[in-house]
Amino acid sequence: MNDPARVRTWFRIVAFAEACSWLGLLIGMYIKYVPETTEAGVQIFGPIHGTIFIAYLLVTLTARNAFGWSLLMAARLVEAGVPLVTV
């Protein structure tokens, strides 16, 4: 998968999926801790988000190789995937 167009497409898809899964996890955490009604959201979105985040890390490394990004650039993109670090 060294075709830059394919790598770019996969990077965008996985980054968007990672953001959506994080939003689902945030909603699940809100429901778990604020009204304290159920843990189902965290139990569902926790593993989904973890899996997609690992995919994001792998796609970022693939993109680094395909686009010739420096290690610092790849590290910043990984950091951007961790919302509390970028606040």
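Student: What does accessible surface rest on here, and what does the surface of the protein come to?

Tutor: Accessible areas come from the Shrake-Rupley method with a 1.4 Å probe. The model is predicted. Carbon and sulfur atoms hold 69% of the accessible surface.

Student: Which pattern does the protein follow along the sequence?

Tutor: Count the elements first. The protein has four helices and zero strands. Read in order, the pattern is α-α-α-α.

Student: What radius of gyration does the protein have?

Tutor: Start with the box. The C-alpha atoms fill roughly 50 × 25 × 15 Å along the principal axes. A compact globule of 87 residues would have a radius of gyration near 12 Å. The protein has 15 Å.

Student: Is S21 buried or exposed?

Tutor: S21 sits in helix α1. Beyond its neighbours within four places in sequence, S21 is in contact with F45, I48, H49 and I52. Buried means under 20% relative accessible area. S21 has 4%, so S21 is buried.

Student: Which helices do the buried residues of α2 pack against?

Tutor: Helix α2 covers residues 40-67 and reaches 40 Å from its first C-alpha to its last. Its buried residues are G41, H49, Y56, V59, T60 and A63. They pack against α1 and α3.

Student: What is the area of the nonpolar surface patch that includes Y30?

Tutor: Y30 lies in helix α1, residues 4-33. Other members of the patch include W22, L26 and V34. The patch area is about 840 Å².

Notes:
Residues are numbered from 1 along each chain as its sequence is written. This is a predicted model: local features need pLDDT of at least 70, side-chain atom pairs count only at pLDDT 80 or more; totals for chains, interfaces and linings use all residues. Side-chain values use heavy atoms; hydrogens and water are left out. Patches are made of residues with over 30% relative accessible area and no salt bridge: like charges are joined within 9 Å, nonpolar side chains (Val, Leu, Ile, Met, Phe, Trp, Tyr) within 5 Å. A salt bridge is a side-chain nitrogen of Lys or Arg within 4 Å of a carboxyl oxygen of Asp or Glu. Helices (H or I, at least four residues) and strands (E, at least two) are DSSP runs, numbered from the N terminus. Buried means under 20% relative accessible area, exposed over 50%, partly exposed in between (1.4 Å probe, protein chains only). Contact means heavy atoms within 4.5 Å. The expected span of a helix is 1.5 Å times one less than its number of residues. The radius of gyration is taken over C-alpha atoms; the globule rule is 2.2 Å times the number of residues to the power 0.38.
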